[in-house]
Amino acid sequence: IENRADDVCKVLEEQRSIPLYLHSAAYASQHGEMAQYNRSYQANFDCKEAIEHAISAHYADNRLDTESAVKAVLEKFGSERVQFILANTIQHKDSDGRVSRDNKAWAKTIPMPEDSGASRHSDYLMVDQVNPGLTDLFTRQFRKVAQEQQKSSVLQKLKQEPPARKPAAPKKREPER
């Protein structure tokens, strides 16, 4: 059991450590970075499926437990990748009235690969197996959690930095007598 738990933790850490690749497949091919592109794409696809699964698993009695759903996905993938998948999904659903204006405006601020409009790859990274209204609720909770994490991160940095020292004021010289 202990070994299995270690293996699960190792897999989760490996999944979280795969960097998000924000260039197109064409760029990756031209620059010899297809391995990084493919690893990131697979992690993105796994994240999309995890979001769909979390929403389905935490939806009951016409209610989505957004806190638990978001927490489950963030533990596996980290906020950068989850943010990317949600923003990609919402950008593709720009005309869907079940997605709030706030989430649509937020999604437009998230950078996407250069060829995301021309490439079909971004289509495969859309959360589309659950109701867009539930995706909207999940996104709202994710943004709240991400904002709280960012605030606490800034607070931690401020606590760790030594206070800025003011330069000593020059000593006043006494007039000579």
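Me: What counts as a helix here, and where is Asp136 found?

Reply: A helix is a DSSP run of H or I of at least four residues, numbered from the N terminus. In this predicted model, Asp136 is found in helix α6.

Me: Is Asp136 buried or exposed?

Reply: Buried means under 20% relative accessible area. Asp136 has a relative accessible area of 6%, so Asp136 is buried.

Me: Which residues does Asp136 touch, leaving out those up to four places away in sequence?

Reply: Asp136 touches Arg98, Val99, Ser100 and Asn103. With Asn103 there is also a polar contact between the side chains, at 2.6 Å.

Me: Arg98 is on that list. Which residue does Arg98 meet in a salt bridge?

Reply: A salt bridge needs a side-chain nitrogen of Lys or Arg within 4 Å of a carboxyl oxygen of Asp or Glu. Arg98 meets Asp96 in this way, with 2.9 Å from N to O. Asp96 counts as buried at 14% relative accessibility, while Arg98, at 46%, counts as partly exposed.

Me: How many salt bridges are there in the whole structure?

Reply: A search of the whole structure finds 5. One of them is between Lys48 and Asp128, whose closest N and O atoms are 3.6 Å apart. Lys48 lies in helix α3 (residues 34–57) and Asp128 in the loop between α5 (101–108) and α6 (132–160), so this pair ties together parts that are 80 residues apart in sequence.

Me: How accessible are Lys48 and Asp128?

Reply: Lys48 is buried, with a relative accessible area of 6%. Asp128 counts as partly exposed, at 36% relative accessibility.

Me: Which residue forms a salt bridge with Lys108?

Reply: The partner is Asp94, and the closest N and O atoms are 3.8 Å apart. Lys108 is in helix α5 and Asp94 in the loop between α4 and α5; the two are 14 residues apart, and the pair links distant parts of the chain. Lys108 is exposed, with a relative accessible area of 58%, whereas Asp94 counts as partly exposed at 37%.

Me: Where is the kink in α4 centred?

Reply: The kink is centred on Gly78 and is about 110°.

How values were computed
Residues are numbered from 1 along each chain as its sequence is written. This is a predicted model: local features need pLDDT of at least 70, side-chain atom pairs count only at pLDDT 80 or more; totals for chains, interfaces and linings use all residues. Side-chain values use heavy atoms; hydrogens and water are left out. The bend at a residue is the angle between axes fitted to the seven residues ending there and the seven starting there. Buried means under 20% relative accessible area, exposed over 50%, partly exposed in between (1.4 Å probe, protein chains only). A polar contact is a pair of N or O atoms within 3.5 Å; within protein, one must be able to donate a hydrogen and the other to accept it, and residues adjacent in sequence count only if both atoms are side-chain atoms. Contact means heavy atoms within 4.5 Å.
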